[in-house]
Amino acid sequence: MRMVFRWYGEGNDRIPLRHIKQIPGVEGIVWALHDVPAGAEWPMEKILQVKEQADKYGLHIDVVESVNVHEDIKLGLPTRKQYIENYKRTIEKLAKVGVKVICYNFMPVFDWLRTELYKELPDGSTALFYEHAKIDAIDPMELVNKIAGNPEFTMPGWEPERLQDLTSLFAAYKHVGEADLWENLKYFLEEIIPVAEQNEIKMAIHPDDPPWPIFGLPRIMTSQENLRKFLQLVDSPYNGITLCSGALGANPQNDIVEMVKEFADRIPFAHIRNVKVYENGDFVETSHRSQDGSLDICRIVKAYHDIGYTGYARPDHGRHIFDEECRPGYGLYDRALGIMYLWGIWDTLQRTKEGESHAGHQ
Ligand SMILES: [Mn+2]
């Protein structure tokens, strides 16, 4: 397991790289050019700038999250051709600076979705929360204003230029059902996976968060069965999954341990975090500790250890703790705690496997 940490870039993230460097076992950043709109080719000078910044702290830039897929590709419009060409050029450029994995998603209109960014937990910390009743009652535009309207920084997946024309986007998706979305995803994969292969970059789709349709928009990266179907669309080691325990785990039907086992050699990137799912299906993000949420993170990490996982992992989200002012879900403290929990489980399993001969000494 190779630990990495999401960083939003100089001037776009309050957390400095020198702090990330101090989290034990973190070897690289998970990054993106957040000011480049979806569908545009990434400029090489901006890519090199991030590499230079990371190099200074001995952090690598192996994992990119995300290169966003333009809506016209998901809609299957004729204009997708140019956006797919741009995507291929970006893959080639990223390969030149040593990138190994590109995370992306194929969710229509909205990326991740929550109803509250600062839900108070019993211990006084706050975290991202999803409430079914609120989603059922709210107008999508109202939610956009709530999520993307006020923060200090733009939120990934909620970029204003992407959401400005919400009405026409919804109209466009009226004619796109699940079957069409699968078709459009297949078309996209058949175009880009050969380029990924040539450039030795593993593409890793992020599951839908949460894993069910929202506002009548189709969502397909939702279950073990659908992930299996996805991997068969283009059966290549370069066509893989970002297995996100928290996204998939919001549906109690999803068994993350089973997914790690079944998709073992097709998971170049793991997001490991916990969620607490309530009786009525609402869920809140919690600390990583198994006892705090509905997912047994110990068993999930053990599943990765059992398959001899050598891919990248990140703690994904964290709560907002110790009065930290941070991006929702992306503070330093709780993600760092999460990493230490993951390492604690991993290192214990590793030592147990190696035997007890060290008698407590290195
Ligand atoms: Mn995730």
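Strands β1 and β2 pair in the parallel sense, over four bridges. Two strands count as paired if DSSP finds at least two bridges between them. Helices (H or I, at least four residues) and strands (E, at least two) are DSSP runs, numbered from the N terminus. The model you are looking at is predicted, so local features need pLDDT of at least 70 and side-chain atom pairs count only at pLDDT 80 or more, while totals for chains, interfaces and linings use all residues. Residues are numbered from 1 along each chain as its sequence is written.

**The barrel**

Let's follow M3 first. In β2, the bridge partner of M3 is V26. In β12, M3 stands opposite A313. Strand β1 (residues 2-6) and β12 run parallel and are joined by two bridges. Moving on from β2, three bridges link β2 to β3, again parallel, and W31 stands opposite V64 in β3.

Where does this pairing lead? Eight strands close into a barrel in the order β1-β2-β3-β4-β7-β8-β9-β12, with parallel pairing. From one strand to the next, the twist averages 30 degrees; angles run from 0 to 180 degrees between N-to-C directions, and axes are lines fitted to C-alpha atoms, for helices over the stretch in contact. As a general point, side chains in a regular strand alternate between the two faces of the sheet.

**The whole chain**

The chain has 14 helices and twelve strands. Its radius of gyration is 20 Å, close to the 21 Å that the globule rule gives for 362 residues, so the chain is as compact as a globular protein of that length. Here the radius of gyration is taken over C-alpha atoms, and the globule rule is 2.2 Å times the number of residues to the power 0.38. Along the principal axes, the C-alpha atoms fill a box of roughly 65 × 45 × 40 Å.

Buried residues make up 41% of the 362 residues. A residue is buried if 20 or more other C-beta atoms lie within 10 Å of its own, exposed if 12 or fewer, and partly exposed in between, with C-beta atoms placed from the backbone. Two residues are in contact if their C-beta atoms, placed from the backbone, lie within 7 Å. Among contacts between residues at least 6 apart in sequence, 72% join residues at least 24 apart.

**The core**

Which residues have the most contacts inside the largest nonpolar core? They are I29, V64, I102, I192 and M203, in a core of 87 residues. Helix α9 (residues 178-198) gives the most to this core, with seven residues. A nonpolar core is a set of buried Ala, Val, Leu, Ile, Met, Phe, Trp, Tyr and Cys residues joined through C-beta atoms within 7 Å. Leaving aside neighbours within four places in sequence, the contacts of M203 include I102, Y104, I192 and Y238.

Helix α6 (residues 140-148) has P140, L143 and I147 as its buried residues. These cover an arc of only 60 degrees around the axis, which puts them on the same side of α6; the arc is that of the directions from the helix axis to the C-beta atoms. The buried residues of α6 pack against α8 (166-173). On the face turned away from the buried side sit the exposed residues M141, E142 and N145.

**Loops worth a look**

G25 lies in the loop between α1 (17-21) and β2 (26-31). G25 is partly exposed, because 14 other C-beta atoms lie within 10 Å. Apart from neighbours within four places in sequence, G25 is in contact with M3, I339 and W343. The C-alpha atoms of G25 and M340 are separated by 8.8 Å, although these residues are 315 apart along the chain.

Two cis peptide bonds are found in the model, as the table shows.

| Cis bond | Omega |
|---|---|
| E65 and S66 | about -5 degrees |
| D209 and P210 | about -5 degrees |

S66 is in the loop between β3 (60-65) and α3 (71-75), and P210 is in the loop between β7 (202-205) and α10 (224-233).

Is V109 buried or exposed? V109 is buried, because 21 other C-beta atoms lie within 10 Å. V109 is not a glycine, yet has a positive phi of about 60 degrees. F322 also is not a glycine and has a positive phi, of about 55 degrees. F322 is exposed, with 11 other C-beta atoms within 10 Å.
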